[in-house]
Amino acid sequence: MKIVWLLLLGLLAYLVWRSRIFQDTLPPPTSEPVPPPQVTDMVSCAMCHVYMPVAQALKGQHGSYCCLDHLQQSEPS
Ligand SMILES: [Zn+2]
């Protein structure tokens, strides 16, 4: 009868050992989901038609410009 207990104990030890190996092979949980890239509104320069973010564009009377030179060339004051 002792042999049955020994077999059960061995089986239990084997299952515990196997579950630990399985836990070690699992990939680590990801910390945070990657946020989607932000969509930025784009506008083209009224002179050279280069696209740029609205935040970087220079506003003129006839449109947006990529740089001060194009603003001054297109809209001389
Ligand atoms: Zn331009």
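What radius of gyration does the chain have, and what would a compact globule of 77 residues have? The chain has 34 Å, while a compact globule of that length would have a value near 11 Å; the radius is taken over C-alpha atoms, and the globule rule is 2.2 Å times the number of residues to the power 0.38. This is a predicted model, in which local features need pLDDT of at least 70 and side-chain atom pairs count only at pLDDT 80 or more, while totals for chains, interfaces and linings use all residues. Residues are numbered from 1 along each chain as its sequence is written, and side-chain values use heavy atoms, with hydrogens and water left out.

**View 1. The whole chain and its elements.** Two helices and four strands form the secondary structure of the chain, in the order α-β-β-β-β-α from the N terminus. Helices (H or I, at least four residues) and strands (E, at least two) are DSSP runs, numbered from the N terminus. Along the principal axes, the C-alpha atoms fill a box of roughly 105 × 15 × 15 Å.

**View 2. Surface and charges.** The chain exposes about 7100 Å², of which carbon and sulfur atoms supply 64%; accessible areas come from the Shrake-Rupley method with a 1.4 Å probe. The mean positions of the 4 positive and 5 negative charges lie 38 Å apart. Lys and Arg count as positive and Asp and Glu as negative, without His and the chain ends, and each charge is placed at NZ of Lys, CZ of Arg, CG of Asp or CD of Glu.

**View 3. The largest nonpolar core.** Six residues make up this core: Val43, Cys45, Met52, Ala57, Tyr65 and Leu71. A nonpolar core is a set of buried Ala, Val, Leu, Ile, Met, Phe, Trp, Tyr and Cys residues joined through side-chain atoms within 4.5 Å. Buried means under 20% relative accessible area, exposed over 50%, and partly exposed in between (1.4 Å probe, protein chains only). Beyond its neighbours within four places in sequence, Met52 is in contact (heavy atoms within 4.5 Å) with residues including Val43, Cys45, Ala57 and Tyr65.

**View 4. His70 in helix H2.** His70 belongs to helix H2, residues 68–74, and counts as buried because its relative accessibility is 18%. Leaving aside neighbours within four places in sequence, His70 is in contact with Cys45, Met47, Cys48 and Tyr65.

**View 5. His49 in a loop.** His49 lies between strand E1 (42–44) and strand E2 (51–53). The residue is exposed, with a relative accessible area of 56%. His49 has a positive phi of about 65° although it is not a glycine. Most residues other than glycine have a negative phi.
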